[in-house]
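Hi everyone, thanks for making time for this. Have a look at the model on the screen, and then I'll walk you through the packing inside it.

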Amino acid sequence: MVIPMFVLTVVLAFAFALYALADIRPSLTPLVSLVTIADIVVIFGMFGMLYKGVEITLIAAVIVASFAVKKHKNNIKEKLSDFLRPGVILFATSCLLMLAYLSYAQPIMHEWDEFSFWGISQLLIKNHDRLYTYYSSSMLGQSIPPALPVLSYIFQWCGTRFVEWIGFFAYDVLMFAAFSAFTAAFERKSTNSAIFVYLLAFI
């Protein structure tokens, strides 16, 4: 639970940096933060540096977030207040609740589907610290893009073994980030509308 919590914290810190430095709408920043981190790690993975790539990317995200805080140290409370829009708050709350539930329930993948490559791709990447596309397999044509399994890898990259429920959590974080993005058009107009749109996304 510690590793995914740490990664989630870095994602939120980098999201704040995106808002403070690039003036991206707060509710869009969780998705932009998550996708940016995952894409950079995938690039490292293309050069066989997946494990180091996660370390470097997360450290870089923390450095950028620290720079953003230092740059706005005189009005940091105002910046944080503006950043904590309904979409961001709902995103963080949803992630924490899901993390608590999954760490307690610890669900497993009941079906390892070789055609969708759903769980096997995550397992391969975690066990070998490499993109599964490095390995010759007749399943590659039926597989999913490496970015999603890499996202699962990021949330457990330094763990001692592959943990299935963390794979579920990583995908949930991406889903919640997309829900937050849906609220961006309403975040400065109506808090109730933003909350309604976020909850509607669950349906």
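Let's start with a pair of helices: α1 and α5 are roughly antiparallel to each other, a label for angles over 145 degrees, with under 35 being roughly parallel, 65 to 115 roughly perpendicular and the rest oblique. Their angle is about 175°, and their axes are 11 Å apart. Axes here are lines fitted to C-alpha atoms, for helices over the stretch in contact, and angles run from 0 to 180 degrees between N-to-C directions. Helices are DSSP runs of H or I, at least four residues, numbered from the N terminus.

Before I go on, two notes on the source. This is a predicted model, where local features need pLDDT of at least 70 and side-chain atom pairs count only at pLDDT 80 or more, while totals for chains, interfaces and linings use all residues. Residues are numbered from 1 along each chain as its sequence is written, and side-chain values use heavy atoms, leaving out hydrogens and water.

Which residues make that helix contact? From α1 we have Pro4, Met5, Leu8 and Leu12, and from α5 Phe91, Ala92, Cys95, Leu96 and Leu99; contact means heavy atoms within 4.5 Å.

Now to the core. The largest nonpolar core has 49 residues, and Val150, Ile154, Phe155 and Val173 have the most contacts inside it. Such a core is a set of buried Ala, Val, Leu, Ile, Met, Phe, Trp, Tyr and Cys residues joined through side-chain atoms within 4.5 Å. Buried means under 20% relative accessible area, exposed over 50%, and partly exposed in between, with a 1.4 Å probe and protein chains only. Helix α1 gives the most to this core, with 11 residues. If you click on valine 150 and skip its neighbours within four places in sequence, you'll find contacts with Ala38, Val41, Val42, Leu50, Ile125 and Leu131.

Finally, the rings. There are six aromatic pairs: rings of Phe, Tyr and Trp (its six-membered ring) pair if their centres lie within 6.5 Å, with planes under 30 degrees apart counted as stacked, over 60 as edge-to-face and the rest as tilted. One of them is tilted and joins tyrosine 19 to phenylalanine 83, at 6.1 Å centre to centre and 35° between the planes. Tyrosine 19 sits in α1 and phenylalanine 83 in α4, 64 residues apart. Buried or exposed, tyrosine 19? It counts as buried, at 6% relative accessibility, and phenylalanine 83 is buried at 5%. Elsewhere, ring pairs link Phe176, Phe179, Phe182 and Tyr198 into a cluster.

Note on methods. Helices (H or I, at least four residues) and strands (E, at least two) are DSSP runs, numbered from the N terminus.
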